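Please keep the sequence and the structure in view while reading.

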Amino acid sequence: MRLGSIVALLALSSAAAPTATATATATSTSTSTSTSTSTSTSTSTSTSTSTSTSTSTQGLHDLVKRRLPSHCHDFLFTLQNASVPTNSTHSALDEYSIATATNGSIAIQGNSLSALATGLRRYLTDVAHVDMYWFIGSRLDQATSPLPRPNGTIHGKSIVPWRYYFNTVTFSYTTPFYDWDDWELQLDWLALHGVNLPLAWVGFEQILLDVFRDIGLADHEITAFFSGPAFQSWNRFGNIQGSWNGTLPLSFISSQFALQKQIVTRMLELGMSPILPAFTGFVPRAITKHYPNATVINGSRWEGFESQYTNTTFLEPSDPLFATLQASVISKQIEYYGNITSFYTLDQYNENDPYSGDLDYLRNVTRGTWQSLKSANPSATWVMQGWLFYSNSDFWTTDRISAYLSGVEEDQDMLVLDLFSESQPQWQRTDSYSGKPWVWNQLHNYGGNMGLYGQMDNITINPIAALHDSPTMVGMGLTPEGQEGNEIMYKLLLDQAWSSTPLDTAQYFHSWTTSRYAGNNSLPEALYTAWQLLRTSAYNNTNLTSNAVPKAIFELAPNITGLVARTGHHPTTIRYDPAVVVTAWQQLLSASDQDARLWNNPAYEHDVADVTRQVLANAFLSTYTSTMATWNATSPQANATLLASGISSLKKLLADLDSVLLALPQFRLDTWLDSARALAPPSNTSNTSTSPLSEYYALDALNQITLWGPTGEINDYASKSWGGLVGQYYLPRWSVFLDYLAATSPADYDAHVARARVKELEMNFQVSGLQVGAGAGAGAGAGPGLEEVKVGGGLNEVVKGDVADALRTLGML
């Protein structure tokens with residue numbers, strides 16, 4: 001898996017899809033002999049229905065063949081009394097059972113494909129003790145052979161009809177450079193984890209390109225509106241327009257469209273209901289040249305970007321052209337993909353305030369938008385992220401929220417995603433979104449931050465309470481901005497969707513450990529101890545002043561103030577005792593002292609690197625704090641030796657961390673850059689990885705995780721603790737800053753001088769950073785410059801050598 005973290009969700013069909021009473025008995029002994037009989041009966045009250053997802057279990061057999069090829073004859077899937085979730089508070093729930101058939105097969109029965117897939121994973125985790133994971137991929141092939149059979153019958157039933165996955169921006173922070181292999185693994189992960197309602201944004205620019213061409217816009221007028229691959233999410237939201245790194249190539253647009261066809265086909269095969277994009281109203285500025293009487297406004301300025309990149313043009317839903325474009329967007333997707341869904345994602349005010357706060361205006365915006373959707377597809381359900389009511393809460397008063405939601409006159413025609421339910425739920429203050437069906441979501445991660453973090457009590461207790469208190473809650477889901485770790489918190493929430501009482505987290509972490517390290521001949525007790533320590537520390541945050549994954553301060557532009565004790569959803573404050581995580585780290589390492597074969601286990605290597613990263617990040621924070629105290633002392637010259645020691649320790653911590661991260665591809669900058677380069681089609685040159693087009697993609701990827709904008713408009717928002725980035729970007733930034741401090745007293749300190757030195761490095765890295773991994777191939781070995789940063793041997797040697805020495809020097813061991 002080239003990029004690593006992926007999650008999503010799967011469902012059987014759309015609200016408008018016909019239900020089916022189906023009986024399917026098919027074993028994986030021969031996929032060609034699988035049989036399915038079904039009788040479809042439409043449940044839609046509209047004049048248009050969507051094509052049903054497959055009632056064949058072939059997609060599940062194919063999944064088993066991909067991931068457990070030596071055991072594909074062992075499973076028997078039966079789809080009985082098939083039900084189709086709808087956007088209704090009375091929708092049927094998914095159910096499955098697992099038992100040993102009379103012929104010895106592992107028999108899984110369910111009332112939906114998603115139920116069957118969830119039952120399959122339940123067998124794999126609870127009986128065979130194997131699972132699939134981010135970054136390391138499928139570990140299902142580590143199951144013992146012959147496969148163990150269930151003792152008795154295992155039952156499962158969902159507590160909500162929908163299990164949702166994705167944030168619109170996940171398609172930029174995590175998946176922008178995914179190829180089909182990456183997506184195939186992701187979709188298998190989603191299916192097995194019971195997700196049945198995933199966003200499906202990939203390739204939408206092809207739809208818009210065709211729609212805008214049809215109304216007379218030229219290609220150059222359209223592509224000037226599109227943003228680069230790493231920034232498309234905010235173009236789709238109407239926050240930005242255009243690309244500061246160059247025009248989005250038509251070849252990229254067409255290749256992503258082809259990829260989307262594969263994605264939605266596989267979603268359907270695995271029982272998911274894709275949520276496709278609708279027309280939001282955001283249009284190229286050139287539209288007024290062709291339609292001078294169109295009713296358009298320019299949106300607000302976003303995050304300090306220059307007007308050429310923001311103030312996006314918005315076509316008012318009251319204009320007849322809006323309905324025309326909506327009909328075209330919906331009809332083209334039906335033409336290209338089939339009538340596969342009734343769910344459409346549509347967000348018009350993501351971190352942008354409406355033109356007016358007048359209640360009638362707000363009501364008419366949603367009414368016009370809703371009517372355009374229903375005209376284009378009478379069975380359409382509008383899926384909206386509820387983020388706007390939190391992010392722009394100063395604008396969205398109770399009256400304005402009520403007016404805006406009231407424009408959708410049929411409650412069942414809207415599904416609201418309560419985006420940040422674990423920390424900032426909005427469903428209470430909006431009266432359950434004025435009666436609209438809604439989904440309880442864990443957001444957890446902003447910008448792909450990588451710190452260890454979780455709210456295990458909130459995500460097991462609070463959704464159960466919400467389901468009891470709000471009759472219009474119809475789903476549970478995951479809405480991370482980026483997927484960069486803490487996978488156990490995502491699995492925990494999805495598994496909670498199948499339990500009417502809060503899960504026992506102690507037992508859950510124990511079971512996770514057992515499956516996590518499958519394939520090892522022994523599981524030392526120290527592994528279980530390590531994860532229980534993490535459960536009660538990093539994963540047990542209850543202080544919601546810091547309410548999301550923390551960011552390491554070394555990823556931020558160096559400064560003498562403003563780095564420590566940040567709260568909110570990009571916190572730098574650590575809400576647990578760092579010594580407990582150090583003890584967990586020691587327990588992880590001691591496990592391999594008891595069984596050295598653990599170093600051959602990819603899950604173990606990943607976890608050692610990840611926990612080591614957190615230990616060193618915490619050490620950097622405390623060392624920075626003490627070093628700044630020394631520098632700020634009344635007589636700095638008297639503390640020159642102590643100051644030099646602190647500065648040396650900070651630099652060494654970053655160098656050691658870089659060595660750790662470079663040991664594994666999922667923690668390396670060149671993996672990200674090379675995956676971007678791989679988007680470029682083959683050329684006639686011998687070195688295709690450094691063609692102009694490949695470097696355009698790589699620069700887009702690099703800019704996102706550093707400057708986030710042409711001149712650092714959202715600097716370090718999407719920073720990463722990646723090998724190569726730590727050693728060649730963060731370490732040089734801190735070195736030039738710390739060297740300035742060493743030569744400057746507090747009285748003589750000039751913030752402008754210090755910042756200018758750092759800024760020069762940041763801008764230069766937009767060129768020099770492209771050398772990381774250039775020519776190495778996607779996910780390949782170190783590119784130019786990496787070898788000189790990486791010191792020591794493999795992960796084992798670096799962690800037990802340089803890292804342990806550094807921690808002992810700091811008095812942490």
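**Briefing: spaces, core and backbone**

The largest cavity holds about 140 Å³ of space. The model is a predicted one, and a search of the whole structure finds nine cavities of 30 Å³ or more. The protein has 813 residues, of which 63% count as buried, and its secondary structure comprises 27 helices and 18 strands.

**The largest cavity**

- The lining of the largest cavity is made of 15 residues, and those closest to its centre are Asn486, Arg516, Trp531, Asp607 and Asp610.
- Two or more lining residues come from each of helix 16, helix 17, helix 18 (525-535) and helix 20 (602-631), with helix 20 giving the largest share, four residues.
- Sorted by class, eight residues of this lining are nonpolar, three are polar and four are charged.
- Because domain 2 (162-503) and domain 3 (542-575 + 601-682 + 690-772 + 792-810) both give residues to the lining, the largest cavity lies between these two domains.

**The largest pocket**

- The largest pocket contains about 560 Å³ of space, and 25 residues line it, with Arg122, Thr125, Asp126, Asp495 and Tyr508 lying nearest its centre.
- At least two residues of the pocket lining are supplied by each of helix 2 (113-126), strand 8 (154-157), helix 16 (487-496) and helix 17 (505-516), and helix 17 gives the most, with six residues.
- The pocket lining consists of seven nonpolar, 10 polar and eight charged residues.
- Domain 1 (57-82 + 91-157) and domain 2 (162-503) each contribute at least three residues to the lining of the largest pocket.

- In soluble globular proteins, nonpolar side chains tend to be buried together.
- The largest nonpolar core in this model has 251 residues, and Phe75, Trp183, Leu325, Phe554, Leu669 and Trp708 are those with the most contacts inside it; helix 20 gives the most to this core, with 14 residues.
- Leu325 is in contact with Val211, Phe212, Ile215, Phe279, Val283, Ile287 and Leu315, when its neighbours within four places in sequence are left aside.
- Among contacts between residues at least 6 apart in sequence, 78% join residues at least 24 apart.

**The loop between helix 23 and helix 24**

- Trp708 lies in the loop between helix 23 and helix 24, and it has a positive phi of about 50° although it is not a glycine.
- With a relative accessibility of 0%, Trp708 falls under the 20% limit and therefore counts as buried.
- Pro710 is placed in the loop between helix 23 (692-705) and helix 24 (725-742), and because its relative accessibility is 26%, Pro710 counts as partly exposed.
- Pro710 touches Trp244, Phe305, Tyr309 and Met763, not counting residues up to four places away in sequence.
- Although Pro710 and Asn245 are 465 residues apart along the chain, their C-alpha atoms are separated by 7.9 Å.

**Other backbone sites**

- Most residues other than glycine have a negative phi, and most peptide bonds are trans.
- His129, which is not a glycine, has a positive phi of about 60°; His129 sits in the loop between helix 2 and strand 6 (132-133) and, at 35% relative accessibility, counts as partly exposed.
- Ser145 and Pro146 are joined by a cis peptide bond with omega about 0°, and Pro146 is found in the loop between strand 7 (137-138) and strand 8.

Note on methods. Residues are numbered from 1 along each chain as its sequence is written. This is a predicted model: local features need pLDDT of at least 70, side-chain atom pairs count only at pLDDT 80 or more; totals for chains, interfaces and linings use all residues. Side-chain values use heavy atoms; hydrogens and water are left out. On a 1 Å grid over the protein atoms alone, a cavity is a set of points where a 1.4 Å probe fits but cannot get out, and a pocket is an open set with protein on both sides within 12 Å along at least five of seven lines; lining residues have an atom within 4 Å of a point. Grid points are joined across faces, edges and corners, and a volume is the space filled by probe spheres set on the points. Ala, Val, Leu, Ile, Met, Phe, Trp, Tyr, Cys and Pro count as nonpolar, Asp, Glu, Lys and Arg as charged, and the others, Gly among them, as polar. Domain bounds come from an automatic or database domain assignment. Buried means under 20% relative accessible area, exposed over 50%, partly exposed in between (1.4 Å probe, protein chains only). Contact means heavy atoms within 4.5 Å. A nonpolar core is a set of buried Ala, Val, Leu, Ile, Met, Phe, Trp, Tyr and Cys residues joined through side-chain atoms within 4.5 Å.
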